[in-house]
Structure formats: C-alpha cells, structure tokens
Amino acid sequence: MSGANASPIGRSHQEMTPVTFQVWRGSRGEGQFAKYTTEISEGMVVLDAIHKIQAEQANDLGVRWNCKAGKCGSCSAEINGMPRLMCMTRMNELPAGKPVIIEPMKSFPHIRDLVTDVSWNFEVKKKIKKFKPRPPDNPDGSWRVFQEDVDRVQEFRKCIECFLCQDVCHVLREHQLHKEFIGPRFFVYAAALEMHPLDIENRVEELAKAKGIGYCNITKCCTAVCPENIKITDNAIIPLKERVVDELYNPIRRLFRIFKSKEG
Amino acid sequence: MPEYPTFEYDVLVIGAGGAGLRAAIEASAAGVRVGLICKSLLGKAHTVMAEGGIAAALSTTDSRDNWKVHFADTMRGGQYINNWRMAELHAKEAPACVRELEAWGAVFDRTTDGKILQRNFGGHKFPRLAHVGDRTGLEMIRTLQDHGIHQGIEVHMECTVVSLLKDGERVAGAFGYERERGHFLLFKAKAIVLATGGVGRAYKITSNSWEYTGDGQALAYNAGADLQDMEFVQFHPTGMIWPPSVAGILVTEGVRGEGGVLRNSVGKRFMFDDIPDAYKAQTADNELEGWEYCQGNKTARRPPELLTRDHVARCIMREVKAGRGSPHGGVYLDIAWIKEKLPNAAEHIKRKLPSMYHQFKQLADIDITTTPMEVGPTTHYIMGGVRVHAETQMSTVPGLFAAGECGAGLHGANRLGGNSLSDLLVFGKRAGRYAAEFAKQHPPGRINEDQLQSVARWALQPFERGALRESNAEGPYRIQHELQDKMQDLVGIVRTEAEMMRALDEITSLRERASRVGVEGNREYNTGWHTALDLANLLTVSEAITRAAIERKESRGGHFREDYPDKVKNVGELNIVIRRGRDGEMQIVREKIPEMPGELKQVIEEQR
Ligand SMILES: Cc1cc2nc3c(=O)[nH]c(=O)nc-3n(C[C@H](O)[C@H](O)[C@H](O)COP(=O)(O)OP(=O)(O)OC[C@H]3O[C@@H](n4cnc5c(N)ncnc54)[C@H](O)[C@@H]3O)c2cc1C
Ligand code: SF4
Ligand code: SF4
Ligand code: FES
C-alpha cells in the first residue's frame, strides 16, 4: 500500500496509557490550569505529550521548542514545580497515576500559555564587555592554545541559554532584582570570557558593581537545574567572587595579576 | 489602509542561523543599516544543533590537506553537478573563516601542539572538521551571536516573514508578523538576504525542527526567483529510531569518525559489501585498516562507514529490506566495540561524543559505551534551493540574495558532512558583503500597497474560517502530518515515477484542503495559526522537490530512482531549475552546467 520507502521506523504498534496533564493556559499572567488527557507510549517525553495535546485538542497552545534533543534551550518550563527542559524529561520519570503539572517559568514576564518574555536576558548580555583577544601568535592570524587551557572555558560554553538557572535563582525569582543582578547564566558567560586564554579585557569591577555578584549567596540551586551539568556555582561564580576580592580589595595581588596578564 | 509598524534597512537578513548571522555581521561591517529577523529566539536556529564540525582545509591535523583536496572531495561528493566556482571559493575561503571565528572567541578542541584539532568525516580525504566535541554548531552560533550583538544590528526575534515585496523586478521589502502578539510588520529594505535554512518538515522522519518549512525557498519562488537542484534531499544514514517519539533525531557522523561501525542483525559489517568505484582507491578493504585510519594512521584508508551519506543510507535500507535489520527497522551503530582497542574507551567516548552519550542515555536508556545504538536514515538537509550567482550570492531577482542551506550550488547531488557549517561562513559573508554593496548602489524601492493588503488578508483567513467553525474547516496539524507521511513514502530515499506522480496528486488535494484551514483562538503566540501559514510554503517546496525528482531520470547522490538506477551522462550535465510561470504554474527548466575551466579539471584529475 505505501511506497518504496515504507519502513517500519516510527510505525510500530505500541502500548498506550492515558495520562492527565494540568497545563497553564492564559495570557500575560492571567489564566488557569486546563486539564487534558492524552495517550502516552513508551519513550515519550513531556514535549511529545504537549505536541500531541496541541495537535489533537488545543491547536493554539503556546509553547517554544526547536531541537527536541536538549541542544537549543527553547523548551524550558516547570514540570511538577521543577524547572526542566520538556524535551529531555521522560514521561516514565514522573510519578505514575498522578496528573503532570506544566507551568511557564516564573522569573520572567508571562506572554501566553507556556511562553515567557525572556528578552531581559538578551539585554543583559549586550552590556557585558565583549571578547577582546590578545594579538595573534602566528602570521596567519591564529593562536597557540593547548587543550588544558580551554577545558575550563569549554565547560561554560556548553550553555544552551535555556535560562532555567535564571528561573530558579531566588535573587531573580523572589527578589526580582533584575536591574542589579545578572543571574547565574551571565556569571557563566562572564566566567567564560574572563577565563578565556586569549581574552585581555577586564570585567571584574563591573561584576562587583553593576552585575551584582555579591547578591549570590551560593545556594547552588542554579547548578542543580542546569541541563548541561555546568557546575555554575563552584566553577564559575566562586572563582569570579574570588577574583573580585583579589582584584578589588587586594592591591598587591592585583598588580601581580596584571603582570601575569590573564593566565586565568 | 491600516498602518503597520514599519522598519527601514539597507540590508534585511531573514534568518539568524550561521548564514544569516554571518551575513548580518558582514553587511553591518560594511557600514550599512542592517535588520535581522528570525522565527525563534536568537541562538536557537538550526545551526545550534550541528554536531560534528566545520570542514576547512586548515591542515593543522594532517599537513597534506589543502584547498585542492577539499575542492575535489566536495565535487566528488556532489557527483559533479555542483557549481564548481562555489566549490572552489568555499575550499579556498573556509580556513580563514574558521580562524575568524577563533578571533571572535570560539574555543575549538586543540591538537597536542596547540592548534585547532580536525576530525575525520565521510567523504573527506583527510581529517578536516574543526570541532568542539559534538556541539560544534552551538559554538559557532554562539560565537557569531555574541559578536553580532555588539555590531549595531537590529534584531527582530520571533518574527516570521510571509511574503517578499517587489518593486518591478527588484525586491523592496518583506512583510510578516511577530509571534508574541500576532501583529503584522513591514520591513522596507534595499537588499534582502534569505538565510532561512531547509525543508525537513516536509518529511515525517527528520532531524529538523518546526522552523524548517522551506520558507526561504518558497518566498524566493513566489517572488519570481529560480530554484535549483530541489530533487536532492539528503537522508542522513544515522538517525535515532527508537523509541518512536525520538525517531529522526540525529546521531552524528562523528560517531563513525571516532571508530563507530555499522552492523546488521547477524553482526556483519555490511558496508564492506558495496564500495562504489569512485571511492575504491580511498577506502579500506579490511577492518583493521579502517580502525587505524580513525586512529590517525596516515597510510591507512578510511573505513567504508565513512562513505558518502547517500550511499550509506541506501546500504542501510538494503539490509533492512533483506531482513537483516534491527528489531525496530534499522541497523546497529556500535562505538562500544572500541573497548577492544583502547584501554579507557568509555571515558574516551564520553569525552569525544558527550551529547551523543547523554542523548541515548536520557532518551533511550542506552549507554553507548557498552551497547550498540539502533539507527536508520532521517531526512536531514536539502542540497537544492535558491539559485544564486557563485560570487555574490544574488538570486535571479535583483537585490535578493540567498546563503546557507536555503541556497543551492555548492553541494551538488550530495553534501559532505561539515561542508554546511563552512558554507554558512563563506557564503554568508559573501552575501552580506554584496548585499551591502547592492544597497549602497540602489535607492529604496516602492512598496506596493495592494500586494501588502492581499497578503494581510490571506494571512488572516484561517481565523475567519476557525471563528465560523465552518463544518469543512481543516486543522493545520492534520494536513501537515498527512503531507509528511506522503512525502516520506512517495518521494523518500528510493523513488519511482509512479509513486511520485501519486505524490503530485496528493499534494494537489492537500493544497485544496489547506485553503480551508481554520484556526481557533486569538493572534497571540498562536502556534496553530503559525502552522497554518507555514503550510503554504511546505506545499510549494514539496511540489518542487517532487517535480524536479520526476524530471531527473537517473540516480545521482541523494536522488535515487529505482526505475533509473544508474547515472546518465547527459542528465548529469544539467541542473533542474524550477520557476513560477506567468499563470502561477510551476515550470521545470533544464539548465546546462557551464564547462569547468582547465585548472579545476586538472585539480580533480590530480586528486583521483
Ligand atoms: C542535527 C543536525 C546536525 C548537523 N550537523 C552538522 C555538522 O556537524 N556539520 C555541518 O556542516 N552541518 C551540520 N548540519 C547542517 C547544518 O547545521 C545546517 O545546514 C545549517 O546550520 C543551516 O544553517 P542556516 O544558517 O542556513 O539556517 P538555520 O541555522 O536553520 O537558520 C534558519 C533561520 O531562518 C529563520 N527563518 C526561517 N524561516 C523564516 C521566516 N519565514 N521568517 C523569518 N525567519 C525565518 C529561522 O528562524 C532561523 O533563524 C546539521 C544539521 C542538523 C539538523
Ligand atoms: S548559587 Fe547564587 S546564582 Fe545560583 S541560584 Fe543560588 S543565589 Fe542564585
Ligand atoms: S547555565 Fe545551564 S541552566 Fe543556565 S542557561 Fe546555561 S544551560 Fe541553562
Ligand atoms: S527543544 Fe531544544 S532543548 Fe528542548
């Protein structure tokens, strides 16, 4: 019946189990939970269930996604109260027999359904001083850099900008200090720049003043939710805090550092 | 008439993946006013998903590599219907483009002597892919994004262009909507760069996201530009197949580059069974040699798993059809076996392929360091797209440029892995430069109010039908899913005339149904509405793919015809071009490929 390409992929017969979802529906903060029941099969993730609901019961359900593989950081939401990527949350990890509660992130202004206004993050990034490399080591414009020198920075550069860490951080979530505090994502970003073996810019003073690193009291909630397993607190924030102390409050160390340039 | 919020630019770039960002950076560096539009948030475009690496003859890992070898590899992979001038520019300019990324902060994996490390990939003679583990695309898009935001480019995130606007022959602007509120926006521009990516959403099993609905190809076609090579769709041999909800998600070729092998259900490495003549001289004929190649032995030839994607995909189909497939209809991809060769293989795999490790662990409960993966072909990339001038990237419509996956030419009948990311850099940069030049030389065009009004009216019709709850109104997702099923079955990896004729009928009837699509709700972030509007583009590119595929009566690269299983010399001298006829019908034109200059022919001979 079907064509030359009819392969069994994606067509196998499957056991289906009905699961109930409570999905936050509404606009600009106003709204309520809507209840949907849909059939779940082996291996499905929460995003699949949302798509199924969207295709079958609620065509206009607002949700962001792109890669469906934990690579783009679009599908952030709160699943049973936990900030997570919907595409990387397997249905079989959630308690069976109970409704699954899905809400938008809370630290950002609500737009519609599961979609929030994360534009603040993009504005914050623009204000961090950009990458500034030392002059190239070689005539073709390249540098000599060893793997050991970049391991640390590569950890930070795994960030997919899902903003789940921003969502969970109490400084933003409860205290709403978006004007004084850039949040864990941008400490990771600043750390990637500050510890970049080629970078010769200095961001320590701004981190202490305009970026509010002092507000962080090392609760490590951000690290706990990071889908890329970046050790945000231990590897990015604490070393940056140390630099702030060193450079701003210890003049001799500061001079020493300038001489050693940024071996970071 | 209603007033729409209006933005005026010298250069408008549509699409913020690698190609669009690179074009925008280049245009703004040329001192013109640049706007950049994308359907998702910044940094979420498809480019972010690329895994394996960027192909460029940097020769940091193997000093024998140079542009000539890269050029010859690209032409061989594309089976010589590539635009040879583009292939030449690409091979020559890619290394500088990669170094430029490093100067903007990209952090590539390193060689032991402190240079950019390059890895092996299918169809590349030498290790040529600059990479960062298996998340190269993320590194690339983030580098361009973080550089671009300091260049004064005005970014419109979550905006979708639904039509290009013309003034006579040339482009004058674009019309679209922003997703958040659903308001229409008008963009006036002296030059426009299309960088909208591919068409994977036309198929059921795909590695592509919702964004890939062929918008750029359809926008260009509707504006009167030529499309070319649309029959060449790349089915990547290794997509996930189980569980069903993840079917299609890509398993990077990097797995095979690191020594992963393909086996059938009886444990045989079937890729040794069929090595095409053009590749015999460069392909290992025993397992040991293949492994040594992956370990960097320069005298060894590459394992047959690293033959071109079209060929590997067909070999997998062959095994499955012959009843030697895995339980879920694919074959096995095994990297775990390298523990026989390496002392700390598990650690090595996790370090070299971290996202593959996590992807399988989290989505399929499989530990790839101990267990083979089940894989099968997935719709991945389109070689065809907007026909452009090799050097400037301008389409056949003055002022309209195209770069990246939505353009055509570089890859011919089959793209080599890694050649897309380099394509984005080389031709994104060129498109940006020449678009800026065009903008400096031309006054703004006039916007045709009538055209605006009719597009706006068309875009709102789905609401009218939804609100009336017309009994025959169709849901947008249903039609999309049916189209995907049909394209997968009838215009997939293996094609025949009869099935493709059926596909045309199906497309016609789906188009009729699409004209009755209704959506509920209001205009705020209404994904049903967005899907309804994207349908028109999906149908246009599906039709173009099918018509071009019917026209090419031979098998070449990504295009395989069961009824014409061989290459045909005189067909191989043609590109198939699609354009919109005067009465809106789709025209198919055969264009002869210009003769390659002697120097390039010689390069190819030297590299045989
Ligand atoms: C999983 C995966 C892995 C890959 N790995 C590799 C690899 O290792 N090496 C390699 O070379 N290639 C790889 N590729 C291919 C490569 O990533 C893509 O071909 C490439 O990123 C396309 O880039 P682009 O700039 O052309 O388009 P994209 O990055 O897709 O960007 C398209 C942009 O256009 C926007 N857009 C689309 N339509 C509209 C519209 N109507 N209005 C406004 N904006 C619009 C989108 O929002 C988006 O911003 C991979 C692809 C996939 C899917
Ligand atoms: S460790 Fe600091 S940044 Fe992270 S959540 Fe706690 S307070 Fe916020
Ligand atoms: S640091 Fe982790 S949690 Fe925060 S945005 Fe990046 S990937 Fe997401
Ligand atoms: S869709 Fe990309 S991270 Fe979930």
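1. Let me start with the polar side of the A–B contact: 41 residue pairs, both members at pLDDT 80 or more, are in polar contact between chain A and chain B. A polar contact here is a pair of N or O atoms within 3.5 Å; within protein, one must be able to donate a hydrogen and the other to accept it, and residues adjacent in sequence count only if both atoms are side-chain atoms.

2. On the elements involved, α1 (46-56), β6 (110-112), α2 (119-126) and α3 (147-156) of chain A each give two or more residues to the side that touches chain B. With four residues, α3(A) provides the largest share. Helices (H or I, at least four residues) and strands (E, at least two) are DSSP runs, numbered from the N terminus.

3. That side of chain A is made up of 32 nonpolar, 20 polar and 18 charged residues. In this count Ala, Val, Leu, Ile, Met, Phe, Trp, Tyr, Cys and Pro are nonpolar, Asp, Glu, Lys and Arg are charged, and the others, Gly among them, are polar.

4. A word on the basis of all this: the model is predicted, with local features needing pLDDT of at least 70 and side-chain atom pairs pLDDT 80 or more, while totals for chains, interfaces and linings use all residues. Residues are numbered from 1 along each chain as its sequence is written, chains are lettered from A and ligands numbered from 1 in the order in which they are written, and side-chain values use heavy atoms, leaving out hydrogens and water.

5. Nine salt bridges (a side-chain nitrogen of Lys or Arg within 4 Å of a carboxyl oxygen of Asp or Glu) link chain A and chain B. One to look at joins Lys125(A) and Asp146(B), at 2.6 Å from N to O.

6. Now to ligand 1, which has 40 residues around it (a heavy atom within 4 Å); Thr47(B), Glu211(B), Tyr212(B), Asp215(B) and Glu405(B) come nearest. Oxygen atoms of the ligand lie 2.7 Å from a polar side-chain atom of Glu211(B), 2.9 Å from one of Ser420(B), and 3.2 Å from a backbone N or O atom of Gly18(B).

7. How much of ligand 1 does the protein bury? Of the 1000 Å² that the ligand exposes when taken alone, 98% is buried by the protein (Shrake-Rupley method, 1.4 Å probe).
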